[in-house]
Amino acid sequence: MGMSVEARYEEFWRQSIKQLNEVVKATGLPIAPDEKGQYNLWYDVRELRLRFSISVERIKRFFEGLKEGKIYATRCRRCGRYYFPPQIDCPYCKTSDMDWVEISGEGELLTYTMINTKPLTYSHYPDYIVAIARMREGFNVLAWLRVNDPEKVRVGMKVKLQVTRREPEGYLTYEFVPAEQ
Amino acid sequence: MRGVAIVGVGHAKFGRRTDVNLGELAWEAVKEALEDARLDQKDIQYFVVGNVGGWSAEPLPAVVIGEYCGLNPKGTMRVEAACATGSAALYNAYLAVASGMADIAMAIGVEKMYESPTPTVVEFIGRAGNYFWEFENFGLTFPGYYALYMTAYMNRFRATEEDFCRVAVKNHYYGSMNPKAQFYGLRITVDQCLKSRYVAWPIKLYDSSPITDGAAAVILVSEELARKITDTPVWIRSVGVATGTANLSRRSDFIGLDAAYQAAEQAFKRVGIEHRDTWRYFDVADVHDCFTIAEVMAYEDLGFVERGMGIQLVRNEQTYKGGLIPVNLDGGLKAKGHPIGATGVSMAVEMTKQLRQSVEPRDRQADIHVGWALAHNVGGTGHYAYVTLYSLDKDGSPKVKPKR
């Protein structure tokens, strides 16, 4: 599989910065032609890195569930609506009175795609199938579908939702597998 | 509310515009719009800038453009509605004039996507949905979102990849004649499209709109001023606006975009027409073809034809000039290019020129019978939708086109 995503990412930027430094050294300015060699571009000397931190405090039960091998949805105690992804507020009842219910895991594939051109932060994975399935409870879930033979994937096929460990990062998430597997 | 008309339009060349910066690119469109309306910056009382950004350096694009284009000290704001940002800018300027807050306003759409490397742009657009639940763990990409619709649509209506390639061929055909288009001069064949690589199966590279830099601008005025400025004001007769869920998993089906349907419903209701067989009322339309599947769903969400019949319009070439309803005679997003924040304003420019019958070359000028045009602009994957109806008539409902 070669380089980790971090290594690829660092390499990508290291090369750009190296070139930039060489240009500044040679010409006294961070100016060089564009990719096609046509027009002059000022290559930014300031870097902005973005990694966000997102609160999961009120839905931490979901992540505790993953550790127990369970996948939870929330269900409003007043109107009975299911929420997946789970959320703690029911905007329709204007209440925050939710049950955490384990998902049956039984679903039927509504649609899918295989991501061939991947985002840089996903470039270390082989091409992956993203699928949406309707669960027995009536709501949908979006996740990767793990299959041996992508040719055999069909709209309407039965799938099972399960907890998995996403490697190489090693964190818990969820995925679909064919039901008969 | 009072009548609002477009009296000036400007459009920069779309493409990889590394020869200009953000302000210079916007100025190309702003200058052309001012000249077209024979107005001066001092006449513009309010301007709004549609720009998504993130991939470009300026975090406050509206003020940068205001300064560069000499629009200071007039008020402004920057708006965002993903790929429908341009229509959001137009809508905001429309509201300013319709409400009486301004008599003359300008909507500017501009995007500089080549200020970041392609992987960064792919990363940004992949997050255009619900970042936490659908990107962080599952790495969807923009073509990936639409591929989920294409798979479901093909399965439900027995459409083929070849059908969708025919949309790309049509839009390249018209884009090849549009000097402002990114793919000016570049026609493609069905075979070329079918052989292009998959980016998110079943979507191929040639099903997809490109990464684009571009700008467009329109000047809107009140009904009191319109005829003093031009003999051919183009009236914004109706705008429908709607949203869809951020999470794609919360959609009930994947064969149409509910937000676009809802926006169309509102837009049609306001001018007193039913939301069916709507191809009869419009001489020409621009629809949001970020991917070929999007154009086919647009035909159906807009009620040109019934659900599942959009693919028949394509097979029978009924959306070419001379067909039931000519669509994307400017090349569409597919061949004209898709500078996210500029696209909706670019559609307004094109619909205005079509209704004025001033499109060159004439091979991409639609025949104007009833004087009505429609623009359909979707943000994200049906996260936002804007449907805007344009007319040469200030009042009255659309009439049915004469039989050909």
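Buried area, for my notes, is the accessible area (1.4 Å probe) that two parts lose on being put together, summed over both.

**Ground rules**

I'm looking at a predicted model, where local features need pLDDT of at least 70, side-chain atom pairs count only at pLDDT 80 or more, and totals for chains, interfaces and linings use all residues. Residues are numbered from 1 along each chain as its sequence is written, chains are lettered from A and ligands numbered from 1 in the order in which they are written, and side-chain values use heavy atoms, with hydrogens and water left out.

**Where A meets B**

I started with the interface: chains A and B bury about 3,500 Å² between them, and 63% of that is on carbon and sulfur atoms. Then I looked up contacts (heavy atoms within 4.5 Å): 46 residues of chain A touch 38 residues of chain B.

How many salt bridges are there between chain A and chain B? I found one, taking a salt bridge as a side-chain nitrogen of Lys or Arg within 4 Å of a carboxyl oxygen of Asp or Glu. B:Arg16 pairs with A:Glu35, and their closest N and O atoms are 4.0 Å apart.

Polar contacts gave me a longer list to go through. These are pairs of N or O atoms within 3.5 Å; within protein, one must be able to donate a hydrogen and the other to accept it, and residues adjacent in sequence count only if both atoms are side-chain atoms. Between chain A and chain B I noted 28 residue pairs in polar contact, both at pLDDT 80 or more. Several elements of chain A supply at least two residues each to the side that touches chain B, among them α1 (5–27), β6 (106–115) and β10 (171–178). The largest share, six residues, comes from β6(A). Helices (H or I, at least four residues) and strands (E, at least two) are DSSP runs, numbered from the N terminus.

**Cis peptide bonds**

I went back to A:Pro85 and saw that a cis peptide bond joins it to A:Phe84, with omega about -5 degrees. A:Pro85 sits in the loop between β4 (82–83) and β5 (98–102) of chain A. Chain B has a cis bond between B:Trp201 and B:Pro202, with omega about 5 degrees. I located B:Pro202 in the loop between β5 (198–201) and β6 (203–204) of chain B.

**Positive phi in chain B**

B:Arg38 has phi near 50 degrees, a positive value in a residue other than glycine. I found B:Arg38 in the loop between α1 (22–37) and β2 (46–50) of chain B. Is B:Arg38 buried or exposed? B:Arg38 counts as exposed because its relative accessibility is 66% (buried is under 20%, exposed over 50%, partly exposed in between; 1.4 Å probe, protein chains only).

B:Asn328 also made my list, with a positive phi near 60 degrees. B:Asn328 is in the loop between α12 (310–315) and α13 (332–336) of chain B, and at 1% relative accessibility B:Asn328 counts as buried.

**A look at A:Met157**

I put A:Met157 in the loop between β8 and β9 (158–166) of chain A. With a relative accessible area of 16%, A:Met157 is buried. Leaving aside neighbours within four places in sequence, I saw A:Met157 in contact with residues including A:Gly107, A:Leu109 and A:Pro178.
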